[in-house]
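My entries follow in the order in which I checked things.

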Amino acid sequence: MANKISLYSAFAAIFIALSLWAAPGLARPEKPDSRQIDYWLGKEAAQEMIARSERKVNAVYPYVAQLIVAEFGLGDFKGKGLDIGAGPGRSTLEIAKLTPGMTWINVDINKHFFPYFMERAQELGLDSRVNGVQGSADSLPFDDSTFDYVISRGSYKFWGELDKALREVLRVMKPGAFAYIGRGYPANLPAELAAKLRKGQTGPRRHPLDKDVPLLRNTLKNLPLDYYWISKPQPAGTEGLSYGIWFMFRKPL
């Protein structure tokens, strides 16, 4: 399979990314022009996202990693993992810390994240077990049945046609492999930290959750899966706080 970004995925990802920056009430462009594409695949966009990742949202990633490792018992597991759309790679590095028997790949459409990602990996002594690869969710540059686990936080809304992307995810998963994908906060994030992170977030959400559950349910039920679940976490003491939405599925043996 060619190791390249599909043009469709680049357009879809950039179009949705642009909507994050649009002021409420402003019309979005029907499709990005070539300058916008160049920007969102370029160094400046990567630097902006790296700066964001180093601010308060960075506190979320250790909890994401802890939850996934506990859920699947990965502490002593030996195998390969894929983190889709991880950008600066915070989630990749956090889970690599907790899974010494695994190698992990951060796949993202913007290659300019990877020097930063690998520098951080070297600082943490993880550079022999992680790597960054340019690619998109609906055209992953990997062989069939490569990965034991696939994870992703905060990127599935950028995947364009979700059914197509999840079928591609299934293709690169080994038989019996699990995927854990979502947006927002993991269920183990302390309520006080969630409240701190949400503080100051006002106005309508760019990507409201109300349509996600039926979209995910309708998509997942039509995929060849052993089983799946969809969760909107609401830990005790977090009433009124959104923890986002998460879903998990298993590829049949």
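I began with helix 4 and helix 5, which are oblique to each other (angles run from 0 to 180 degrees between N-to-C directions, with axes fitted to C-alpha atoms, for helices over the stretch in contact; under 35 degrees counts as roughly parallel, over 145 as roughly antiparallel, 65 to 115 as roughly perpendicular and the rest as oblique). The axes of helix 4 (residues 61-72) and helix 5 cross at roughly 45 degrees and come within 8 Å. I noted the crossing of helix 4 and helix 5 as right-handed (the near helix is turned clockwise from the far one by less than a right angle). Helix 4 brings Y61, P62, A65, Q66, I68 and V69 to the contact, and helix 5 brings R90, S91, E94, I95 and L98 (contact means heavy atoms within 4.5 Å). By class I have 7 nonpolar, 2 polar and 2 charged residues in the contact of helix 4 with helix 5 (Ala, Val, Leu, Ile, Met, Phe, Trp, Tyr, Cys and Pro count as nonpolar, Asp, Glu, Lys and Arg as charged, the others, Gly among them, as polar).

Before going on, I noted that this is a predicted model, in which local features need pLDDT of at least 70, side-chain atom pairs count only at pLDDT 80 or more, and totals for chains, interfaces and linings use all residues. Residues are numbered from 1 along each chain as its sequence is written, and side-chain values use heavy atoms, with hydrogens and water left out.

Next I took helix 5 (residues 90-98) with helix 6: their axes are 10 Å apart, at an angle of about 25 degrees. That angle makes helix 5 roughly parallel to helix 6. R90, T92 and L93 of helix 5 meet Y116, F117, R120 and A121 of helix 6.

I then turned to the sheet, which is open, has 7 strands in the order 3-2-1-4-5-7-6, and shows mixed pairing (helices, H or I, of at least four residues and strands, E, of at least two are DSSP runs numbered from the N terminus; strands pair if DSSP finds at least two bridges between them). Strand 3 (130-134) and strand 6 (227-231) are at the edges with a single partner strand each, so one side of each has no neighbour in the sheet. I checked strand 5 (residues 173-184) against strand 7 (residues 244-250): they run antiparallel, joined by 7 bridges. F178 has R250 as its bridge partner in strand 7.
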